[in-house]
Structures are given as C-alpha cells and as structure tokens.
Amino acid sequence: AVLRQFEMAGVYPLNESVAIGRSRDKLRSTQILARDGIGLPVTTFAHDPKQTEEVLKMAGGAPLVIKLLEGTQGLGVVLADTDRLHRGGTAKCVKLSPEERSTAVRSAKAMGLNVCGVDMLRAKNGPVVMEVNSSPGLEGVENATGIDIAGLIIELLEKQAKPNKT
C-alpha cells in the first residue's frame, strides 16, 4: 500500500507494486512462469506450514517443492528433496550456463521485475525455477561474490528514475 501511494505520487519504483504482488502470490507466479514456458519443478501448495507432512504424503513423497500461497525471501518455499524437511540455503559462486542465465532473465521479465532473485535448481532436463523473489536478501550473494549488489541497484535507480516513469 505504501509503494502504491508513492507510485500515485509519481515516484519511480525499483519494482512496481503489481509485479511485487505477482511474485509474492506463489500460485499466481507459478501460473505465469508456466504460461511463459519456464521450467518448473514438481510443485504443490499449502495454506499452512503445518500441512507439509500431509502434502508430502498426498504427493507420494519427495522430491518436490512445497509452497505456501504467499511468502518472500525463501519463507514459504520448501525443497523437499527427502521425506525430512529443512530450511537454510547458502550462497556460493557458480558459473551459470547460457540456458540458466536466459531462464533467470526470462523469469524476471515474466514477473515484470527489474531487480529480483531467481532461485533455480539444476535438473536433468535443464534449469527449473523454484521462486522469483522481488525482495531478495543480498548479504549471502554479496559475501559469496564480493560484488556490491546494493550499490549496483542504487546506480540502476540513478540511471532509470524519472518523475512519473514506471
């Protein structure tokens, strides 16, 4: 609501409120990615984190991705690669393949986001997208890469921001 108010006042947003809403609605974002032909892992949805074991049983066990219908920064997204569930991904430098880079960019464009985190898995048939996060945490990526991501975002804003430009 605050971002929408700023948009109505003509303030340039890094990511528009509509795009942020798309990415936070896990069912909607999955529908958009599927529509645009982006690879997705087997995914189920739940309303409550307490349903995880029940969802695993209904789906026939791991591996699968379980998503709460709303969430951000990895909260509400569980990679059930075994029948035990856990959280706590870490960042490390990897070389992206051209297909992975293309998948990340296409995913961001599908959501309408200028800046985002695209969580991908390397699958047998190519990259699959777990989540497109409109407000990714930067600390892990900055520590792993040594790149000042926040500074680059500020530079992008300085170049792009114009009154009443969305």
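Contact, throughout this tour, means heavy atoms within 4.5 Å. The model is predicted, with local features needing pLDDT of at least 70 and side-chain atom pairs counting only at pLDDT 80 or more, while totals for chains, interfaces and linings use all residues. Residues are numbered from 1 along each chain as its sequence is written, and side-chain values use heavy atoms, with hydrogens and water left out.

Begin by selecting Leu 33, which belongs to helix H3 (residues 26-35); helices here are DSSP runs of H or I with at least four residues, strands are runs of E with at least two, and both are numbered from the N terminus. Leu 33 counts as buried because its relative accessibility is 2%, buried being under 20% relative accessible area with a 1.4 Å probe and protein chains only. Next, show its surroundings: apart from neighbours within four places in sequence, Leu 33 touches Ile 38, Leu 40, Ser 107, Ala 110, Met 111, Val 129 and Val 132. Of these contacts, Ser 107 is 74 residues from Leu 33 in sequence, yet their C-alpha atoms are 6.6 Å apart in space.

Stay in helix H3 and select Thr 30, which at 12% relative accessibility is also buried. A polar atom of the Thr 30 side chain lies 2.8 Å from the backbone oxygen of Lys 26.

Now move to helix H2 (residues 17-24), whose buried residues are Ser 17, Ala 19 and Ser 23. Viewed down the axis of H2, these residues fall within an arc of 160°, so they line one face of the helix; the arc is taken from the directions from the helix axis to the C-beta atoms. To finish, display what the buried residues of H2 pack against: helix H1 (2-8), H3, helix H5 (98-111) and strand E5 (126-133).

Key. Buried means under 20% relative accessible area, exposed over 50%, partly exposed in between (1.4 Å probe, protein chains only). A polar contact is a pair of N or O atoms within 3.5 Å; within protein, one must be able to donate a hydrogen and the other to accept it, and residues adjacent in sequence count only if both atoms are side-chain atoms.
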